[in-house]
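Here is a short briefing to read with the model open beside you. Take it one topic at a time and find each spot as you go.

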Amino acid sequence: MTRALLLENPHSNADAAFVRAGIEVVRHHGALDEADLIEALDGFDMLGIRSKTEVTQKVIDAHPDLLAIGTFSIGTNQIDLEAATSRGVAVFNAPYSNTRSVVELAIGEIISLSRRLPVQNDALHRGIWDKSAVGAHEVRGRTLGIIGFGNIGMQLSVVAEALGMRVVFYDTAEKLIIGNARRMNSMEELLEVSDIVSIHVDGRASNKNLFGEPEFAMMKPGAIFLNLSRGFLVDVDALATRIKNGHIAGAGVDVFPTEPRANGDHFDSVLTGLPNVILTPHVGGSTEEAQRAIGLFVSEKLVTYFRKGATDMSINMPQIVTSPAKSSLYRIAWVHSNMPGALAKVNRIFAESGANIDAQQLSTQGQVGYAVTDISSNIPQAAVAELAAAEETIRLRVLSRD
């Protein structure tokens with residue numbers, strides 16, 4: 001029986017798609033380290049994780065039969081994508097499902113920090129009545145600088161403009177300008193004009209230490225800083241220093257350089273106890289709505305790949321989105337090295353075996369090609385064996401019609 005191992009407790013609705021496809025689901029509620037993951041994966045065809053479990057090359061090499069990995073989150077930097085691709089392991093994530101949840105948290109923190117609500121809340125909890133307008137601002141008319149104008153950055157821009165904010169953004173890639181947002185030519189230019197700065201870049205290694213003391217020094221005195229993106233992007237010691245000396249008026253931080261592996265574990269940071277600072281335990285996408293959407297989206301992508309060979313929205317595989325032809329009995333899904341003549345070899349093998357090809361698609365991405373061939377006749381096992389043994393072959397699957 002096909003089996004899927006789900007770690008870190010994705011939403012329970014993820015199970016339904018697997019069960020409908022006849023896939024057994026086994027759950028482990030926490031994250032696993034490399035050695036434990038290698039042991040736990042024995043006998044499983046698919047793996048589901050969130051953000052805490054790292055899938056290294058060693059893990060992938062130890063399980064050559066692993067078919068696919070789904071990360072029930074936006075980021076995929078916890079997976080060695082190069083190793084997965086080289087083994088023909090398809091990787092899927094949920095790039096859109098929690099976008100709104102992260103945006104709403106950012107907006108809530110922008111308003112709370114601009115009004116200094118954490119300070120006032122703390123004072124009242126300590127029995128101190130301190131009614132004052134000093135340092136409190138409306139967000140209307142203030143400038144929000146967004147670093148990273150992807151799915152979250154764009155939606156944050158739209159909602160912020162609806163609140164009457166001016167929006168500027170900086171991204172290294174060319175991006176469609178949404179609404180009245182204005183593109184800045186550099187991050188330095190953005191920092192000079194922004195009253196609030198919010199980071200929303202991806203987790204690629206080149207973004208490590210993106211924001212440190214030089215960048216905080218460029219920010220306007222009294223500005224607010226948010227990081228709801230990745231913990232390794234920001235020098236939190238520099239941020240703490242700037243909050244203590246008053247240069248930064250407030251901060252909202254949801255991600256940290258080092259995070260506890262499980263609920264209930266001890267958390268420590270130089271940012272704890274600082275005034276007008278909101279710290280949250282990596283919950284930007286942790287709403288019930290977002291987790292339901294993520295659970296359903298990722299599990300359905302994994303199941304569709306398992307049953308039909310479709311790689312729609314795979315992070316690392318060439319894109320094949322169609323279902324098998326209605327008349328076909330088999331779909332041959334072939335992940336291979338992107339070499340000249342690869343498709344001709346497939347067609348020769350099947351033609352010599354007398355197989356009747358109904359439809360065929362090829363897609364390439366970098367050094368990897370993915371070809372699916374729909375066949376409406378019986379497939380001689382000798383033809384399958386020859387293709388499996390071809391020097392180009394990375395992974396070969398024969399999928400029969402349900």
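Predicted model: local features only at pLDDT ≥ 70, side-chain atom pairs only at ≥ 80, totals over all residues.

Residues are numbered from 1 along each chain as its sequence is written, and side-chain values use heavy atoms, with hydrogens and water left out. Helices (H or I, at least four residues) and strands (E, at least two) are DSSP runs, numbered from the N terminus.

**The sheet**

- Four strands make up an open, antiparallel sheet, ordered S14-S15-S13-S16; two strands pair if DSSP finds at least two bridges between them.
- At the edges lie strand S14 (357-365) and strand S16 (393-400), each of which pairs on one side only.
- On average, and with direction ignored, neighbouring strands of this sheet are turned by 10° against each other.
- Eight bridges join S14 and strand S15 (residues 368-375) in the antiparallel sense, and Ile357 has Ile375 in S15 as its bridge partner.

**Helices on the sheet**

- Helix H11 (residues 288-308) packs on the sheet and touches strand S13 (330-337), S15 and S16; contact means heavy atoms within 4.5 Å.
- The direction of H11 makes about 85° with that of S16; axes are lines fitted to C-alpha atoms, for helices over the stretch in contact, and angles run from 0 to 180 degrees between N-to-C directions.
- Helix H13 (residues 381-388) also packs on the sheet, where it touches S13 and S16, and its direction makes about 150° with that of S16.

**The H12 and H13 pair**

- Helix H12 (residues 342-353) and H13 have axes that come within 9 Å and cross at roughly 165°.
- H12 is therefore roughly antiparallel to H13 (angles over 145 degrees count as such).
- From H12, Val346, Arg348, Ile349, Phe350 and Ser353 meet Ala383, Glu386 and Leu387 of H13.

**Two residues to look up**

- Beyond its neighbours within four places in sequence, Leu239 is in contact with Phe216, Phe225, Ile248, Ala251, Val253 and Leu271.
- Asn98 sits in the loop between strand S5 (90-92) and helix H5 (99-114), and counts as buried at 8% relative accessibility.
- Not counting residues up to four places away in sequence, Asn98 touches Ile74, Gly285, Ala290 and Ile294.

Key. Buried < 20%, exposed > 50% of the residue type's maximum accessible area, 1.4 Å probe, protein only. Parallel < 35°, antiparallel > 145°, perpendicular 65-115°, else oblique.
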